[in-house]
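Me: I have a structure open and a few quick questions about it. Can we go through it piece by piece?

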Amino acid sequence: MSKGDERPVTEGAPVDWEVLARFMAGESPADEAAVVRAWLAENPARHDVLRALDQALAPLAAPPADLDVDAALQQVHARMDAPETPVIPFRAPARTDPAPRRMVPAPWLRAAAAVVLLLGAWFGWQALQGGGSAMTAYATGVGERDSLRLPDGTMVVLGPASHLTVAEDYGKKTRDVNLRGEALFDVTHDEARPFTVHAGTAWVRDIGTTFSVESDAAAGVRVVVTSGAVALRATEAPDDKELVLRQGDRGTLAAGRMTAERAAATPDDLAWAQGRLVFRDAPLDEVAAELRRWYGIFLRADDETVAARRLTASFGDEPPADVLRVIGLALGADVTMRGDTAVLRAAPAAMP
């Protein structure tokens, strides 16, 4: 796990969005894919950005006829090249072949540009770089877990491809941390200085507790309380709109809505902290998010039938190929690898 004080932005070439588009489509050449993987590993937050882009781009695989992608592309370049937009230090490898071919269909790339515009260059920069205040950052790579002790004695287990930032003055007046990904907190309680986790659009406050928080662009924020209690609310909501979760409860904040499952937590909810990946009737977008964090694999379904299926399975230290084979069997799907992308298609019906 890496730890370090915030550093100035490194000078570099602006991000090549077509390189990222090829990578997301599973069409990157080997040398290019290696550079993208290394770039992602530098900051787990970059996986969150690709996940958001992947979801946004899915319905645009066949862009609608009335989408003015040329105009959108011009606006994208204008936004990304504007002087006030910071550069993102990512450079694609120099190609050695004399006539590189475009590996992703042009309409898809142009639609991708339109989506990048809609997401906003500033959102991408903030998510990729992690903000601008004085912070100490802790990060894990794909498939990596680690633990740390905060200055007040609070213990944290950080899940794969996760990122935790702690203010330099943590513990003096407040105890606030920012999380992207997944973490388990065993909090040293202090009435005068409540421990607060900021994750996605949620705010989670300790009331003397051991609890886990997972922040995911697709599924929102999920909280599991092992002991004690926490208060969950939307960041912009007033204090009287918080939801109190107690030992054994699961809570979710997604699409602006909070829900609580009372006494529904099981050991499976924290299996990740022991290195096990457990799915119980999980939708495919949740499976895809976990595979990306645990194995660096981008999972997508090429037909609606498979996309609607749900997975129940458990994995330990199996290699990625075995994990994908089990997923394919469980979902009744064939799995095809395209670079770092696993594509699911409904398996043909067996002959009588």
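Reply: Start with F315, which is buried, with a relative accessible area of 3%. Keep in mind that this is a predicted model.

Me: Fine. How many helices and strands does the protein have?

Reply: There are nine helices and 19 strands. The protein has 352 residues, and 44% of them count as buried.

Me: Of the contacts between residues at least 6 apart in sequence, what share joins residues at least 24 apart?

Reply: That share is 56%.

Me: Back to rings. How many aromatic pairs does a search of the whole structure find?

Reply: The search turns up three. One of them is F185 with F195: the ring centres are 5.5 Å apart and the planes lie at 55°, so this pair is tilted.

Me: Where do those two sit in the chain?

Reply: F185 is in strand β6 (residues 175-186) and F195 in strand β7 (residues 195-199), 10 residues apart. The pair is a link between distant parts of the chain.

Me: Is F185 buried or exposed? And F195?

Reply: F185 has a relative accessible area of 0%, so it is buried. F195 is also at 0% relative accessibility and counts as buried.

Me: What about F279 and F315, how are their rings arranged?

Reply: F279 and F315 make an edge-to-face aromatic pair, with 6.5 Å from centre to centre and 70° between the planes. F279 belongs to strand β15 (residues 277-283) and F315 to strand β17 (residues 310-315), so parts 36 residues apart in sequence are tied together by this pair. F279 is buried at a relative accessible area of 1%.

Me: Which residues do ring pairs link into a cluster?

Reply: F185, F195 and F211.

Me: And what sits over the ring of W203?

Reply: The charged end of R233, 4.1 Å from the centre of the W203 ring.

Me: Changing topic to helices. At what angle do α7 and α9 cross?

Reply: Roughly 170°. The axes of α7 (residues 284-295) and α9 (residues 320-331) come within 12 Å of each other. At that angle α7 and α9 are roughly antiparallel, because the cut-off for that is over 145 degrees.

Me: Which residues of α7 and α9 meet?

Reply: From α7 there are L284, V287, L291 and Y295, and they meet P320, V323, L324, I327 and L331 from α9. By type, the residues of this contact are nine nonpolar, no polar and no charged.

Me: L324 again. What is A342 in contact with, beyond its neighbours within four places in sequence?

Reply: A342 is in contact with I297, F298, L299, R300, L324, V335, T336 and M337. A342 lies in strand β19 (residues 341-346), and at 0% relative accessibility A342 counts as buried.

Me: How far apart are R300 and A342 in sequence and in space?

Reply: They are 42 residues apart in sequence and 6.4 Å apart in space, C-alpha to C-alpha. R300 is in strand β16 (residues 298-301) and counts as partly exposed, at 25% relative accessibility.

Me: Now backbone. What is phi of A263, and of D281?

Reply: Phi of A263 is near 55°, which is positive in a residue other than glycine. D281, likewise not glycine, has a positive phi near 50°. Most residues other than glycine have a negative phi.

Me: Where are A263 and D281?

Reply: A263 is in the loop between β14 (257-261) and β15, and D281 is in strand β15. A263 counts as exposed at 66% relative accessibility, whereas D281 counts as partly exposed at 44%.

How values were computed: Residues numbered from 1 in each chain as written. Predicted model: local features only at pLDDT ≥ 70, side-chain atom pairs only at ≥ 80, totals over all residues. Heavy atoms only, no water. Phe/Tyr/Trp six-rings, centres within 6.5 Å; stacked < 30°, edge-to-face > 60°. Helix = DSSP H or I, 4+ residues; strand = E, 2+ residues; numbered from the N terminus. Buried < 20%, exposed > 50% of the residue type's maximum accessible area, 1.4 Å probe, protein only. Lys NZ or Arg CZ within 6 Å of the ring centre and 35° of its normal. Axes fitted to C-alpha atoms, helices over the stretch in contact; angles between N-to-C directions. Parallel < 35°, antiparallel > 145°, perpendicular 65-115°, else oblique. Contact = heavy atoms within 4.5 Å. Nonpolar A, V, L, I, M, F, W, Y, C, P; charged D, E, K, R; others polar.
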